[in-house]
Amino acid sequence: MFGLKTEASFDGAHFLADYYGKCENLHGHRWRVVAYARQESLQTEGTMRGMVLDFGVFKKALRSIVGEFDHMFLVEEGTLKQATVDALEGEGFTLKMLPFRTTAENLARYFYGRLEQEGIPVAQVDVYETPLNCASYFGE
């Protein structure tokens, strides 16, 4: 088995609705996203001969996806009143509305799925909220 690893990061704010702890309040992170690609054999033809995948392709895919989250307020759909959303957007804030709770676990699964859609042979995605704490998603 052969593998590659690349990473990207973004700065973003979020809160956890119905959490009952410090994280129910609006706060931010420097999120670190580490992605792993894996294949049983190396490519045998073309410019990627002898590779799992060109690092440039891998890095570009991850950084493009993660870049969509940079300097955003990550909001789980339905957790803020529409008046609040309108007021924030009216003040010029950029909200990234997501159909899931904005936990590291769900973000790891989201990034995994997006890389998979890009044709990356993704095996695992880790999302760090802090330098010492991360959640991982390992596909099925």
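Colleague: Which residues does Lys-96 touch, not counting those up to four places away in sequence?

Modeller: In this predicted model, Lys-96 touches Glu-68, Phe-69, Met-72, Phe-73, Leu-74 and Val-75. Lys-96 itself lies in strand E4, residues 95-98.

Colleague: Why is Lys-96 called buried?

Modeller: Buried means under 20% relative accessible area. Lys-96 has 17% relative accessibility, so Lys-96 counts as buried.

Colleague: Happy with that. Where does E4 stand in the sheet?

Modeller: The sheet is open, with 6 strands in the order E4-E3-E1-E2-E5-E6 and mixed pairing. E4 and strand E6 (133-137) stand at the edges; each has a single partner strand, so one side of each is left without a neighbour in the sheet. On average, neighbouring strands of this sheet are turned by 35° against each other, direction ignored.

Colleague: What makes E2 and E5 a pair?

Modeller: Two strands pair if there are at least two bridges between them. Strand E2 (residues 27-39) and strand E5 (residues 122-130) are joined by 6 bridges and run antiparallel, so by that cut-off they pair. As one example, Val-34 has Asp-126 in E5 as its bridge partner.

Colleague: Good, and what lies across E1 and E2?

Modeller: That is helix H1 (residues 55-67), which runs at about 20° to E1.

Colleague: How many cavities of 30 Å³ or more does a search of the whole structure find?

Modeller: The search finds 1, and the largest cavity holds about 30 Å³ of space. Its lining includes Phe-15, Leu-74, Val-75 and Arg-101. The lining residues divide into 5 nonpolar, 1 polar and 2 charged.

Methods: Residues are numbered from 1 along each chain as its sequence is written. This is a predicted model: local features need pLDDT of at least 70, side-chain atom pairs count only at pLDDT 80 or more; totals for chains, interfaces and linings use all residues. Side-chain values use heavy atoms; hydrogens and water are left out. On a 1 Å grid over the protein atoms alone, a cavity is a set of points where a 1.4 Å probe fits but cannot get out, and a pocket is an open set with protein on both sides within 12 Å along at least five of seven lines; lining residues have an atom within 4 Å of a point. Grid points are joined across faces, edges and corners, and a volume is the space filled by probe spheres set on the points. Ala, Val, Leu, Ile, Met, Phe, Trp, Tyr, Cys and Pro count as nonpolar, Asp, Glu, Lys and Arg as charged, and the others, Gly among them, as polar. Helices (H or I, at least four residues) and strands (E, at least two) are DSSP runs, numbered from the N terminus. Buried means under 20% relative accessible area, exposed over 50%, partly exposed in between (1.4 Å probe, protein chains only). Contact means heavy atoms within 4.5 Å. Axes are lines fitted to C-alpha atoms, for helices over the stretch in contact, and angles run from 0 to 180 degrees between N-to-C directions.
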